[in-house]
Amino acid sequence: MLSLNNITKISTLPTTNLQILRWRRKPRWVPVAKSKMFRVPQRPVISEDEAMEIKRLFNNYRTQMKSIRRYMVEKTMASFARTADPKDIQRIQDEDFARCSKINDEWNASVQVDRVKFFKDTFENYINSAKESLRKHEELNQLQLEEAEKLVAEQKEAAKTFITEANIDEAIERALANPVDYNFAIDLDGNK
Amino acid sequence: MPFMKGRAPIRRTMQYLEASKLVFKDEVKIFTVNYNTYGDHHKGTREFVFWYLPPIQFKNSNVQICTFKNLTPSPFIKCYYDTGRQMLIDVHNRTKEEIYDHLVKVVGKTKEVLEAETLAREKKDNPANFGVGCEKS
């Protein structure tokens, strides 16, 4: 519906620089136009010097592109190439194994240093802890021996006051001669 | 629904399994890991077996992988080739990443070889491909 809004929109289209395309070229079944019937297109004339220069540049460019293309093809073919000869395959495998063995041997050597040190330290720790426990055991034994000796010494001292068959008569007489009176009271400090 | 089974069920996902960098060389047939279930110097190997062995076996389904536990004082890995050769790898006190990287260097296919193989496989799969390396010229 034609309204004021629509008219304003149409007027803002870029009509001045719009080129309507009818076709790209004349269809082959359409006859040649009268103005173009006897047209002989002019051959482009390039001077000899210019032609030689252009040719030289083109040759250089094509050589370089050819060389790049061949190099890339060769590189791609090399990655796909597989020898079927068993000797070759064996040789490649041997070389690869030798290379990997070398890397592995270096790794093993560094790990060996670690491992030997670890087991040596563990063994030394075992020996040291065994020695330590032995020493402690000895100390304990020594202490017990000293305790026992002390007890024996005390008892020896006490044995001097024991009443044996030899001095029983003397003891009885002494006891009879010195009666001890227990009929007394003591306070909290033990004084009579 | 029992699908998150086990201690770290991420190890069972396809993404995790296919992310393995280690593809054994064609000559490697048996891969053996000896380690203990106790001991600090076996910890790296234990973790390596827990985290990295499933993807390795996934990527190398034709290689026999064995683990031997509590037989050795020091952990080690042994690879057996089809030519009769063996490669002994000592892994005492090494972390799982160090072990993995070393294996990739020593018994794994290089990245270039893997890429070439992937390319060759793609070219062979698709019959529409033609050019260098394909069946059709």
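Colleague: What makes up the secondary structure of chain B?

Modeller: Chain B comes to 4 helices and 4 strands. Helices (H or I, at least four residues) and strands (E, at least two) are DSSP runs, numbered from the N terminus. In chain B the order from that end is α-β-α-β-β-β-α-α. Chain A comes to 4 helices and 0 strands, and its elements run α-α-α-α.

Colleague: What are the ground rules?

Modeller: This is a predicted model, where local features need pLDDT of at least 70, side-chain atom pairs count only at pLDDT 80 or more, and totals for chains, interfaces and linings use all residues. Residues are numbered from 1 along each chain as its sequence is written, chains are lettered from A and ligands numbered from 1 in the order in which they are written, and side-chain values use heavy atoms, leaving out hydrogens and water.

Colleague: What is the mean pLDDT of chain B?

Modeller: The mean is 92, and 95% of the residues of chain B reach 70 or more. The term stands for the predictor's confidence in each residue, from 0 to 100. For the complex, the predictor gives an ipTM of 0.87 and a pTM of 0.66.

Colleague: Why is V33(B) called buried?

Modeller: Its relative accessibility is 0%. Buried means under 20% relative accessible area, exposed over 50%, partly exposed in between (1.4 Å probe, protein chains only). At 0%, V33(B) therefore counts as buried. V33(B) sits in strand β1 (residues 28–35) of chain B. Not counting residues up to four places away in sequence, V33(B) touches T45(B), V49(B), C66(B), T67(B), F68(B), F76(B) and I77(B). Contact here means heavy atoms within 4.5 Å.

Colleague: How much of each chain is buried?

Modeller: In chain B, 39% of the 137 residues count as buried. In chain A, buried residues make up 5% of 192.

Colleague: Why does T110(B) count as partly exposed?

Modeller: T110(B) has 38% relative accessibility, so it counts as partly exposed. T110(B) lies in the loop between α3 and α4 (111–125) of chain B.

Colleague: What makes N70(B) and N93(B) worth a look?

Modeller: N70(B) is not a glycine, yet has a positive phi of about 55°. N93(B) is not a glycine either, and its positive phi is about 65°. N70(B) belongs to the loop between β2 (64–69) and β3 (76–81) of chain B. N93(B) is in the loop between β4 (86–90) and α3 of chain B. N70(B), at 39% relative accessibility, counts as partly exposed. N93(B), at 40%, counts as partly exposed too.

Colleague: How do you know how α3(A) runs relative to α3(B)?

Modeller: Helix α3 (residues 86–159) of chain A packs against helix α3 (residues 96–107) of chain B at about 155°, with axes 9 Å apart. Axes are lines fitted to C-alpha atoms, for helices over the stretch in contact, and angles run from 0 to 180 degrees between N-to-C directions. Angles under 35 degrees count as roughly parallel, over 145 as roughly antiparallel, 65 to 115 as roughly perpendicular and the rest as oblique. So α3(A) is roughly antiparallel to α3(B).

Colleague: Which residues make that contact?

Modeller: From α3(A) come C100(A), I103(A), N104(A) and W107(A). From α3(B) come E98(B), I99(B), H102(B), K105(B) and V106(B).
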